[in-house]
Amino acid sequence: MSQPRKQIHLAAHFPGVNNTTVWSDPEAGSHIEFSSFVKLAQTAERAKFDFFFLAEGLRLREQNGVIYDLDVVGRPDTFTVLSALAAVTERLGLAGTINSTFNEPFEVARQFASLDHLSAGRAAWNVVTSWDAFTGENFRRGGFLPQDQRYSRAETFLRTAWELFDSWRGDEIAADAGSGTFLWDPNAGAFAHHDEHFDIEGRFPVPRSPQGRPVIIQAGDSDEGREFAAATADAIFSRYGTLEAGQAFYTDVKGRLAKYGRTSEQLVILPAATFVLGDTDADAHERAHAVRLQQVSGQTAINFLEQLWNTDLSGHDPDGPLPNTDPVLGENTISRGRASVRMYRDPLATAHEWRQLAEAKNLSTRELIIEVTGRQTFIGSPATVAATIDELVQADASDGFILVPHVTPGGLDEFADKVVPLLQERGSFRTEYTGTTLREHLGLDA
């Protein structure tokens, strides 16, 4: 007897402006007007996606000491946007990235419990840490924590928030007009937490929400991040969207669950994925090339180059070869607040690899940057893309994908209209929501 098909989980990411999106495209809309958020969220709900996701921009990124206006990452407050979206959606999960380094458990727990009530059980929290002092300058405490301390604080932060969520069991409210009794338990919401990170006690003001706790998402790829996800998360974002790399990540993270008394079904793995569709595979590849040219202008290529070279290259010709000088070693002072600079742990070695690639393929600087920053996961006709997604999920390279359209807010429409029906025909994706909460959408225990 054949095994039932794994059900694919899909989420939609509203990315803001970055090197994935093309804000200059004629089809692109505002990244701050509420109508844009509504458009993408309602498209995702129409397609029966699991959830809508907002990343976080706590500080505008800079290049050479000024705002990097080709890649402006910043957005309205996450809770405000998601709370407003709760009123214009009915089933779609609402996930937000909230930092554990610069916030406090009480306030974050109160906000997520409120969002879960407002949305009738659709809230999710992407728990992240902050890695740089540049971002910390926006906050009273400033600075940042070493990686081991960041995850120690994050785990303690999360478990403290859980104590606050669980300070209400859910059966305390009597609201008995006859007897005049509102609460059965006068100690509802009582909490006390004292450790090296947090020293708090009092009463949590928000009664237990529909999910009890929001769905917890984690995105770290380090060993500490993977362990944190295995111990605490309901879902983990991944950057491994290919078969072999995806299977390796899937096996590693899910293999860590047993030590925490958890099963494979209790953690959903979702790589981020971009897509370009066409009437045929050849047409899609032509469109994908055009998109990459939009995403990486000559000026954008120089800015990317400066991130590795750590020096001003504004006079460099993007259509010429790579610089013949080596990167400047030491603390990055050119591109502040960019996570990508962390990938260049050995700038000299990376520059050597880039030079070899450029020589082998006869690439200009701009062509080389397009090559090494490529982020198009799925390219092809709707049938090809649907088949590829399904095959990756059935082969345990992931449990689904979080889709990042290169144009917002309308960039998800084509996927919703052309790819989702093919996944439904394969029996791998829902045709209707069967539950009301995000935990139910993701197949997680209540």
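**Salt bridges and ring pairs in a predicted model**

Modeller: In this predicted model, a salt bridge joins the side chains of Lys 259 and Glu 227, with 3.0 Å from N to O.

Biologist: OK, and where do Lys 259 and Glu 227 lie?

Modeller: Lys 259 is in the loop between α7 (243-255) and β13 (268-273), while Glu 227 belongs to helix α6 (residues 223-232), so the pair ties together parts that are 32 residues apart in sequence.

Biologist: Is Lys 259 buried or exposed? And what about Glu 227?

Modeller: Lys 259 counts as exposed at 57% relative accessibility, whereas Glu 227 has 19% and counts as buried, because buried means under 20%.

Biologist: Which residues are linked with them in a network of salt bridges?

Modeller: The network links Asp 221, Asp 223, Arg 226, Glu 227, Arg 239, Asp 252, Arg 256 and Lys 259.

Biologist: How many salt bridges does a search of the whole structure find?

Modeller: The search finds 28, and one of them is between the side chains of Lys 6 and Asp 399, at 3.0 Å from N to O. Lys 6 lies in the segment before β1 and Asp 399 in the loop between α12 (382-394) and β17 (400-403), so this pair ties together parts that are 393 residues apart in sequence.

Biologist: Switching to rings, how many aromatic pairs are there?

Modeller: The count comes to 16 aromatic pairs, among them Phe 14 and Phe 52, which form a tilted pair with 6.4 Å centre to centre and 50° between the planes.

Biologist: And which strands hold Phe 14 and Phe 52?

Modeller: Phe 14 is in strand β1 (residues 9-14) and Phe 52 is in strand β2 (residues 51-54), 38 residues apart, and both Phe 14 and Phe 52 are buried.

Conventions:
Residues are numbered from 1 along each chain as its sequence is written. This is a predicted model: local features need pLDDT of at least 70, side-chain atom pairs count only at pLDDT 80 or more; totals for chains, interfaces and linings use all residues. Side-chain values use heavy atoms; hydrogens and water are left out. Rings of Phe, Tyr and Trp (its six-membered ring) pair if their centres lie within 6.5 Å; planes under 30 degrees apart count as stacked, over 60 as edge-to-face and the rest as tilted. Helices (H or I, at least four residues) and strands (E, at least two) are DSSP runs, numbered from the N terminus. Buried means under 20% relative accessible area, exposed over 50%, partly exposed in between (1.4 Å probe, protein chains only). A salt bridge is a side-chain nitrogen of Lys or Arg within 4 Å of a carboxyl oxygen of Asp or Glu.
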